[in-house]
Amino acid sequence: MNRYLRRKLLAIRLAAETVLSVRIFLAMTPFLLVTVFFKKGRPSDETLKQSECRRAFAAATRDADIWQCHILSSYLWRIILVSLNLFLPFSLPATAANPARILIINAWDDTMPAAVRATTAIRNRLAESSLKNAEIYYDSLDLNRFPGRAHEERTTRLLSEKYAEARPDIMIALGRVALEYLLRHREAFAPGVPIIVCYWAGATPATVASLSNVTGVFSEFNWLQTFALAARLQPGAREVAIVSGASVSAWEQEALRQLAPHLAPYKVRYLAGLPYDKLLNEVARLPRDTIVLILPIFEDGDRVSRIPAMVAADVARASSAPTYAPIDTFLGTGIVGGYMDTFEASGSATAELVIEVLERKDAAVLPSPITAPHNFAVDARQLQRWGLSQNRLPAGTRLMFKVPTLWEQYRNLVLITVGVFALLVACLVALSLQVLKRRRAEATLEASEERMKFAAASTDTGLWQYDVPSKQLWATEHCRSMFGLKADSPLTPEAFLGAVHPDDRAAALASIQAAAPAGQTAERSEFRVVDPDGQLRWYLASASTAFDKNGEPVQVNGVFRDVTPRRKAEQQAEQMEQALRATRRELARVSRQTTIGTMAASIAHEINQPLSALVTNGGIGLRLLAKAESDLDEVRDVLKRIIDDGHRASHIISGIRAMFKKDKREESPVSIRDLVGEVLALVHSELESQQVSLRVELHQTFFLVMADRLQLQQVLLNLIMNAVEAMSSVEDRERSLLVKSELQGAGDVLVTVEDTGPGIDPDDMDRIFDAFFTTKSHGMGLGLSICQSIVESHGGRLWASARIPHGTVFHVQLPSASVGQ
């Protein structure tokens, strides 16, 4: 009632305002005509007087008319309101037509893509129809997460109370589960209200005939046609995997019923009711020649609620074979495709049924159900991902997400470019026609062009010009300000020179005068100027002279450029250079100290082993001499080893000195077999004292390498002694040392040293060759670093790896000089 009255009042008021506007326009018309008439020419005095009288008369008339219009409009409004009060109660119906109420019931939660798409399509279609003002209600039952009967009864009570005073005229059930709920509880909150079912899967005409006041849009998951599409795209497939969840077994049974007669040639895997992670792992291990069919999964094996479209996306992403499904919301998540209808089409068809039912006079007779159209749809991106041929697609297949070709993408751009190019050609032709006209103006613009060249070539500069015949000096405003000259002060050469520093005036004047007889740009000179604030600024001066046809100078053009920032930067750079030299000297001193410290540490580390051998052999010699009957041969051997250790220490020092000098080290062919034997002889007593069992596996090939024999001895000795020290703490297993040589690759020798010690922490494996890094309490952290430097200087490589189950393996790879038997 109120809405209808408001519309009538609005229409009447618009009519009244229109009448008032017309009256005002008619009152203003004489004044406008008089104004236009008098604008045609300059009026005389008599005419002006007449026009003033007319304007006064017109203004008075206009004000009177406007006032009359206001009075008439006020009386008109009063008459209208009285008429409405008198006649509206008799002419209007007691109640206006109420908008239709439409209730949409979703069995699941409202984040399901199918429900979102169908509901959006329903709302959009209704908004375009005569039901655009209908009140649409939406409720989600959330039965997938709360499947119990108690939740269902609570929801029914809530809906009953919610719609007690606003009973819906029609209800839309999104899917079969929502329909089953409404059939059980319709009488509780909407008795006798017709039900329209959207995407009604598995329904038949017989099913509809058995239900009261129900119709809808038939939809089905056509697994047979989807499987036929997959077999067509994968003719070499040997297996079929069917993926489903732990609930909604009816869909699984329907799929198996359709597929059963056609699965005989394939090995079938049923991935049903598995935990989510296990399901993804299973599909990831499928063979490439498998057809994967994904059923809607609302709940996994762990009873966790899932959204089918998200599950399809995860399965398609993890699968090692192409995936298919006849479900529209799965398309675009990673599946190849299927034979399907769209939820948007089902929603639009459902809205059509709603419109037809509400517009019928006999609402008791519902229209017949509608079957949603199906067709093949595939994802072009997945065809490319799996290498499936587009030529195998059935005719009429919808190819979605296809990447447009370059022509499709840039067609408009190409056409625009061609048009612009054609326009440019036309412009060039037009410009060519203007060349003759431009040549006529070149002579006039030549002098100005020279001046503009100076202006364009300078930045933060002052331009000046001296006319020789007239002896007139011209300068830009910026040039005047550079020398502290006011705009209205006389401009003379003496005024410029007066601002120049006294010590630089002669040089500045000489650079300007040098341009006149030369006829070319004078040599640039720099001078200082004292600005009005007393600050010194550096200017760069240059000048050139122009001559007439007779060779007489007619004009001198010059430029003063402010180079103070450059001068300051040069001074700062000089100061920084001096500071940098001092810093370099300090760094050189620190570097020398660091180098001397490193050399001292290296010498101490490397000489420690020969000195230890000297002490050990000296002790053995003293014990032999202390015996009553000493074996002179044995004493001689001990003294010989002492001498050898002394020579070895001397060679080590010489080798370390050679490493820090630029001189090339002395290399000779070294036998790997002899080298290993010499080192093992040196550590024989240490192996016995530490109870280490030794195994030597040397390749039968006689390897030779070009190297410094003493340095390689030092590397092997260091590695073996490290292994012995590492095994000193082992008590629960045998202390075993293995030294092995073999041929590596085309021509490299590989020597390995294995121990059964506690091993090296994996986190420290990449750091053990860094200088000053050690895992020993008494170590210096230089041994392995020096060994790596020695091996790399010989063109080889040194690395470490873990030994299974205990210990460490060090590998020394060196280029072989020659091999023999």
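Contact here means heavy atoms within 4.5 Å. Keep that cut-off in mind for this tour of a predicted model.

**Whole chain**

Start with everything displayed. The protein chain holds 24 helices and 26 strands. Of its 821 residues, 38% are buried. Now consider contacts with a separation of 6 or more: residues 24 or more positions apart account for 67% of them.

**Stop 1: the six-stranded sheet**

Select β1, β2, β3, β4, β5 and β11. They form an open sheet in the order β2-β1-β3-β4-β5-β11, and the pairing is parallel. Look at the edges: β2 (135-140) and β11 (370-371) each have a single partner strand, so one side of each lacks a neighbour in the sheet.

Zoom in on β1 (residues 101-106). Six bridges pair β1 with β2 in the parallel sense.

Which strands does α11 lie across? The helix covers β1, β3 (170-174), β4 (195-201), β5 (214-219) and β11. Its direction makes about 155° with β4.

**Stop 2**

Select residues 375-379. This is strand β12, and four of its five residues are buried, so the strand is largely enclosed by the rest of the structure.

Bring in β10 (residues 337-340). β10 and β12 pair antiparallel, over four bridges. In that pairing, Tyr339 has Phe376 of β12 as its bridge partner.

Now show β13 (residues 398-400). β12 and β13 run parallel and are joined by three bridges. Asp379 is bridged to Met400 in β13.

β12, α12 and β13 make a right-handed β-α-β unit.

**Stop 3: the five-stranded sheet**

Select β20, β22, β23, β24 and β25. These strands form an open sheet with mixed pairing, ordered β20-β22-β23-β25-β24. The edge strands are β20 (693-697) and β24 (797-802); each has a single partner strand, so one side of each is left without a neighbour in the sheet. On average, neighbouring strands of this sheet are turned by 15° against each other, direction ignored.

Focus on β24 and β25 (residues 808-815). The two run antiparallel, with six bridges between them. Leu798 stands opposite Val812 of β25.

**Stop 4: α23 against α24**

Keep α23 (residues 709-726) and α24 (residues 783-793). Their axes come within 10 Å and cross at roughly 145°. The crossing is left-handed.

Show side chains at the contact. From α23, select Gln711, Val715, Asn718, Leu719 and Asn722; they meet Gly783, Leu784, Cys787, Ile790 and Val791 of α24. By class, this contact has six nonpolar, four polar and no charged residues.

**Last stop: Asn722**

Centre on Asn722, in helix α23. Is Asn722 buried or exposed? Its relative accessible area is 17%, and the cut-off for buried is under 20%, so Asn722 is buried. Set aside its neighbours within four places in sequence, and Asn722 is in contact with Lys776 and Leu784.

Technical notes. Residues numbered from 1 in each chain as written. Predicted model: local features only at pLDDT ≥ 70, side-chain atom pairs only at ≥ 80, totals over all residues. Heavy atoms only, no water. Buried < 20%, exposed > 50% of the residue type's maximum accessible area, 1.4 Å probe, protein only. Pairing = 2+ DSSP bridges. Right-handed = clockwise from strand over helix to strand, strands pointing away. Axes fitted to C-alpha atoms, helices over the stretch in contact; angles between N-to-C directions. Left-handed = near helix turned anticlockwise from the far one by under 90°. Nonpolar A, V, L, I, M, F, W, Y, C, P; charged D, E, K, R; others polar.
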